[in-house]
Amino acid sequence: MSRLPEQPGERISRSKTISFRFDGKTVQAYEGDTIGSALYAAGRRTFSRSFKYHRRRGLMCCAGQCPNCLVAVDGAPGVRACTEPVRDGIDVRHMNARPGLDFDVMRATDLAPSALTPPGFYYKTFIRPRRLWPVYEKVLRHAAGLGVLPKKQAEREWRTEYRRRHADVLVIGAGAAGLRAATAAAELGADVVLCDEGPEPGGRLLAEGHHERARALADEARSAGVEILVNAPALGYFDGLVPVWQGATLHQVRAKQVVFATGTIEQPLVFAGNDLPGVMLSDGARRLAALYAVRPGARAVVATTSDRGLEAAVALRDAGVEIAAVADLRPDAAAGGALGDRLAAGGTEVLAGHTILEARGRTTVTGAVLGRADGSGGEREVDCDLVIISGGAAPATSLVAQAGARTTYDAARGVFRTGELPDAVHAAGDLTGAVGGEAVRLSGSLAGTEAAHALGLGDGASRARVQEAHRRLADLNTQAVAVAVPPAVAGGERGKCFACFCEDVTAKDIKASIAEGYDSIELSKRYTTVTMGPCQGRMCQLTSVRVMGQETGQTLEQVGLTTARPPWSSVPMGALAGRPIEPAKRSSIHGRHRELGAKILWAGDWRRAYDYGDPQGEAVAVQRAAGLIDVSTLGKMLVRGPEAGAFLDRLYPNRFSNLKPGRIRYGVISSDAGRIVDDGTICRLDDETFYVTTTSSGAGAMEEWFGWWLADWRMDVHMTDVTQAIAAVNLAGPRARDIMATVCDLDVSNEAFAYMDGKRGLVAGVPCLILRIGFVGEVGYEIHYPAAHGEHLWDALIAAGAEHGLRPFGLEPQRLLRLQKMHILVGQDTDSESTPFAAAMPWIVKLDKADDFIGKWALEHYADVEPETALVGFTMADGHVPTEGAVVVQGTTPAGQVTSSRYSPQLGRVIGLAWVASSLARDDARITISDAGSTYEATVQNKPFYDPEGEVLRS
Amino acid sequence: MSFEFLAPGAAVPGDRFAPVARTPMERAARAAGARFEARDGWTVATGYSSLEQEREACRRAAGWADVSHLGKLELHAAADDLAAIVADAAGGAALELGTATRAGDAWWLPLTTERALVVCEPAATGSLRERLEAAAASAARTVTVLDATCKYAALTLVGPLAREVFARFSAIDVRARVLPVAGFRPGSIARSPGLLVREGEERFLLMIGWALGQYLWETVADAGAHLGGAPVGLDALAEVAIGIAPVREEAGRA
């Protein structure tokens with residue numbers, strides 16, 4: 001164990017010991033530990049194997065920034081051990097190594113000459129011979145990716161959900177600046193959400209000995225009413241929507257103002273062996289020691305470009321780590337200062353103008369080679385088990401850049417920081433280049449206050465504070481910053497120098513890509529995949545830009561950054577998917593259908609009874625006795641007003657203004673271009689009221705269509721969609737009238753209630769609108785009534801029909817029955833080119849209507865032109881049921897297609913509808929249907945297959 | 001013009017048939033253990049567990065109740081006619097877009113300047129419709145009064161976590177400063193067109209298409225149960241006050 005004595009501000013609770021398993025072995029931990037800190041304390045140094053070369057990787061950042069500690073936890077891959085809290089009993093396993101972490105056979109790729117695996121080698125290598133691609137693919141798929149999902153679906157699912165959160169201000173980043181920003185905005189009355197990817201607010205303060213200050217700032221924020229989300233990284237910025245992932249919840253935060261206080265990311269140095277376990281960022285080592293009381297090493301070498309590394313050296317020395325040497329890249333005059341003096345006083349040698357050239361060791365660091373930064377020698381090897389590196393602090397600009405902010409290059413520090421900001425976007429803290437604790441906190445307060453001001457909050461005093469803050473910040477930010485810009489690569493000749501740890505891209509790889517012509521950072525990114533791994537550029541953006549600049553001779557400003565894209569933090573797909581919420585419409589009779597054993601399928605956004613187990617038997621029952629089908633899904637509208645008839649005359653090609661009250665007429669809706677878009681029946685209820693039905697699938701579109709034209713024409717007409725308010729059933733068959741007579745208070749004789757009559761009456765005690773129509777070709781009553789009585793009326797009809805042989809029937813038998821009558825299904829038998837003329841319905845177009853109607857101009861044209869194709873019925877010669885969509889051919893040329901086809905048990909033959917060449921649209925013409933590789937003969941029939949004269953319907 | 005084929009309350013019970021209206025959430029409520037009673041021509045869920053347990057759910061987390069049986073009347077008229085009819089029938093109440101007006105034990109909800117929805121107790125639906133029709137009689141232009149009870153399924157969500165439950169399936173901003181008590185928002189609820197009324201600090205009335213009633217129940221129950229909530233019956237719901245004083249008829253008429 002390498003636990004330190006109790007550290008002030010440590011996060012662990014030493015009185016609570018818990019255990020978990022790593023690769024099958026039990027590991028002891030304290031409550032508050034991360035998986036990473038517990039494993040490190042237990043002596044583990046190798047946490048993962050790298051993506052391409054399968055090199056050992058160990059803890060480096062201890063902040064969830066780098067990819068070095070990815071593990072699988074309870075089957076979920078891609079979890080960062082350094083930030084994932086330990087829970088009792090969890091099962092943690094390594095990823096990307098076979099057979100194990102300490103011996104991985106794929107390490108051979110690292111030992112092979114690098115000429116065999118240059119960047120893009122897979123693009124070049126596996127393209128020939130082509131016939132071997134299936135083998136290559138199998139191997140590559142096996143080798144690619146990080147982690148393995150559990151095979152069983154149930155084991156790779158967990159509950160996730162969205163939480164929508166509106167806020168006045170969202171602050172991203174809960175370091176000192178973010179906390180101050182949140183508090184300042186909240187104190188002025190703003191509703192503020194603050195999110196941070198760490199386990200508690202405070203940012204760097206926590207690990208740098210200022211935990212009490214951090215916790216006080218957090219308490220202030222909470223007292224001001226700030227909602228603080230921890231372990232909650234912001235994933236991106238989507239036009240004001242910021243998804244924040246927190247465990248099983250994806251917060252969709254919509255804030256009017258967003259403050260980005262994302263801080264900085266400590267950068268690694270690029271040198272030989274910079275990925276060896278034991279090489280650790282200074283912040284990472286400090287976190288490990290300060291928050292988890294784990295000694296990162298016994299003897300350390302520090303390589304730094306700023307005071308950050310020196311501060312870490314002092315802190316770690318105070319915690320009991322021997323600091324063997326410090327290589328400070330800054331030249332003598334700038335380096336050290338009081339920190340350097342402190343280190344020197346403690347016996348640590350501080351080497352100004354030096355950097356690290358190589359980390360040595362086989363499985364973990366055993367030594368470091370230091371040398372002069374200008375390559376003029378001065379090399380020395382120092383024994384150590386820990387290399388602390390600090391390559392500067394790069395502002396985390398990705399999120400704010402996604403929000404539209406510009407970035408500017410800060411030549412003094414060698415980093416990119418935030419520049420011009422768009423409206424409603426604010427930046428605070430290190431992101432803005434603020435220097436020192438006071439400037440950071442002040443810039444936070446300023447950003448929060450300005451965000452509140454933008455919302456109209458605040459007063460004269462707060463505005464005065466803003467002015468003063470601007471003045472003070474200007475003073476603070478003029479102070480010189482003692483930072484050295486590191487070389488792109490140091491010690492490159494000594495071994496692999498990694499620019500990108502996620503994708504195993506070396507500095508040499510980037511140079512190779514430039515040599516091949518990929519000489520911009522965006523092209524190089526795509527070719528080498530640098531910045532495309534789990535760290536999303538946190539560790540490799542700046543290093544790769546530096547290599548690019550060095551090799552191309554461009555300044556870093558000219559090289560620029562790659563485009564910032566979400567997600568900023570890696571996130572499971574399941575978290576993005578959220579709960580599967582899929583609106584399902586169900587008729588008020590739906591439960592009965594289920595009880596009757598119906599096969600339920602989707603029909604548009606409805607759940608419908610497709611059949612009750614015997615579709616053909618159900619169809620036969622309708623024709624021989626009676627059937628009952630739920631047609632509640634039909635679109636239904638009330639159109640009302642003195643101009644209602646005129647309104648419908650304008651919408652439909654036929655007339656409705658002359659329809660008598662109590663009568664029904666069929667209508668086809670055509671588009672401006674004269675194409676069929678929907679159909680249905682219209683019943684006139686009184687002089688000013690029409691009841692319009694549409695197809696089920698077209699209900700929503702027709703409501704919009706009617707609404708658009710009504711708004712445009714400004715007629716005195718009211719239109720009300722009552723689709724879901726009204727249940728509807730169709731009682732059909734030769735015994736339908738007998739059944740109706742037992743439940744209805746109306747005279748349902750043919751004389752009193754004729755075909756195409758619409759009447760209102762009571763059915764089983766329920767007020768109904770009854771339409772005598774016959775989509776399925778039999779005597780039929782389409783009964784429309786309040787949805788709340790759906791099951792009652794259905795039950796009453798079923799009971800009344802029992803002695804008459806009534807059966808419920810579903811969508812499939814209905815399709816067969818309507819096909820026998822050649823009643824079209826819009827959208828199945830028609831398409832976007834179908835006109836009423838071509839669809840054998842010229843009679844529905846009343847071109848003699850005096851007033852204009854939608855599609856009139858086009859239909860007048862079509863009336864004078866012979867259509868190229870026509871919709872006809874057909875019967876098959878040999879009993880084959882062609883696939884709907886099968887091609888009608890003339891010779892070998894496609895000349896149409898089958899739109900509907902069924903075997904009709906009643907007729908004893910296969911029937912269908914098809915579009916054919918107009919020359920073939922005559923009775924007894926022979927057509928050829930190509931289906932599934934064979935051709936079949938069929939005979940055209942233009943009249944309905946069943947009851948061609950409509951005598952049954954009218955009887 | 002009578003549109004009784006839209007009105008569940010217009011059913012005529014007799015010797016042979018005794019129609020009782022049912023809500024689209026009834027089966028889901030039954031599966032959740034609901035006890036039912038017939039009230040005002042409807043089968044309604046009056047309770048699930050004990051009254052005390054349901055009270056506790058409403059006090060500590062969230063409770064949800066099927067209130068689809070509430071009467072709903074849709075008014076359609078020219079803007080000035082609509083204002084006059086509402087003022088006449090609702091004791092002087094005026095409609096303001098985005099705000100629900102509580103008058104005569106009913107919610108008056110302006111869908112647009114020309115359309116309004118009135119939500120009332122089921123027993124009051126018939127008489128209120130008659131009042132509206134009477135008030136509409138003097139309008140010069142077309143006025144439509146429809147029983148829209150079955151157009152919308154309705155669910156009441158109550159409790160300190162009601163907002164949190166709601167946030168699991170809707171992006172409508174229900175913070176008190178944006179949607180105060182008596183605030184009204186048409187918008188997307190559970191990815192479907194819906195209506196939302198804030199009936200009290202911790203009480204929301206959700207309305208959605210009738211055919212989506214079961215789906216809404218399942219969605220709310222899934223989110224609510226995960227946050228420690230439970231379904232509640234009408235008896236427990238009755239104890240959670242609607243948090244706005246009704247418009248006094250005398251004051252309105254004055």
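Which handedness, left-handed or right-handed, does the crossing of α5(A) and α7(A) have? Keep that in mind as you load the model, which is a predicted one.

**Stop 1: two helices in chain A**

As for the opening question, the crossing is left-handed.

Now show the side chains where the helices meet. On α5(A), pick A:A176, A:L179, A:R180, A:A182, A:T183 and A:A186; on α7(A), pick A:L217, A:A218, A:E220 and A:A221. Colour them by type and you'll get 7 nonpolar, 1 polar and 2 charged residues in this contact.

**Stop 2: another helix pair**

Next, jump along chain A to α20 (residues 615–624) and α25 (residues 811–820). Here the axes again come within 8 Å, with a crossing of roughly 55 degrees. That makes α20(A) oblique to α25(A), and the crossing is right-handed.

To see the contact itself, select A:P615, A:E618, A:A619 and A:V622 from α20(A), together with A:E812, A:P813, A:L816 and A:L817 from α25(A). This set splits into 6 nonpolar and 2 charged residues, with no polar ones.

**Stop 3: a glycine in a loop**

Go to A:G604, in the loop between strands β29 (599–603) and β30 (606–611) of chain A. Is A:G604 buried, exposed or partly exposed? It has 14 C-beta neighbours inside 10 Å, so it counts as partly exposed. Leaving aside residues up to four places away in sequence, A:G604 touches A:S696 and A:S697.

**Stop 4: a sheet**

Switch to cartoon view and find the open sheet of 5 strands in chain A, with the order β2-β1-β7-β5-β6 and mixed pairing. Strands β2 (25–31) and β6 (76–80) stand at the edges, each with a single partner, so one side of each has no neighbour in the sheet. Follow the sheet across and you'll see a twist that averages 40 degrees from one strand to the next.

Zoom in on β1 (residues 13–22), which pairs with β2(A) in the antiparallel sense over 7 bridges. Within that pair, A:F20 stands opposite A:V27 in β2(A).

**Stop 5: an enclosed helix**

Select residues 282–292 of chain A, helix α8. How many of its residues are buried? The count is 11 of the 11, so α8(A) is largely enclosed by the rest of the structure. Among the buried residues are charged ones you can pick out by name, including A:D283, A:R286 and A:R287. Step just past the helix to A:A293, which takes a positive phi of about 55 degrees.

**Stop 6: where the chains meet**

Finally, bring chain B into view. The contact takes 48 residues from chain B and 46 from chain A. On chain B's side, the elements giving two or more residues are β4 (71–76), β8 (144–147) and α6 (213–226). The largest share, 5 residues, comes from α6(B). Colour chain B's side by type to finish: 27 nonpolar, 10 polar and 11 charged residues.

Conventions: Residues are numbered from 1 along each chain as its sequence is written. Chains are lettered from A and ligands numbered from 1 in the order in which they are written. This is a predicted model: local features need pLDDT of at least 70, side-chain atom pairs count only at pLDDT 80 or more; totals for chains, interfaces and linings use all residues. Two strands pair if DSSP finds at least two bridges between them. Helices (H or I, at least four residues) and strands (E, at least two) are DSSP runs, numbered from the N terminus. Axes are lines fitted to C-alpha atoms, for helices over the stretch in contact, and angles run from 0 to 180 degrees between N-to-C directions. A residue is buried if 20 or more other C-beta atoms lie within 10 Å of its own, exposed if 12 or fewer, and partly exposed in between; C-beta atoms are placed from the backbone. Two residues are in contact if their C-beta atoms, placed from the backbone, lie within 7 Å. Angles under 35 degrees count as roughly parallel, over 145 as roughly antiparallel, 65 to 115 as roughly perpendicular and the rest as oblique. A crossing is left-handed if the near helix is turned anticlockwise from the far one by less than a right angle, and right-handed if clockwise.
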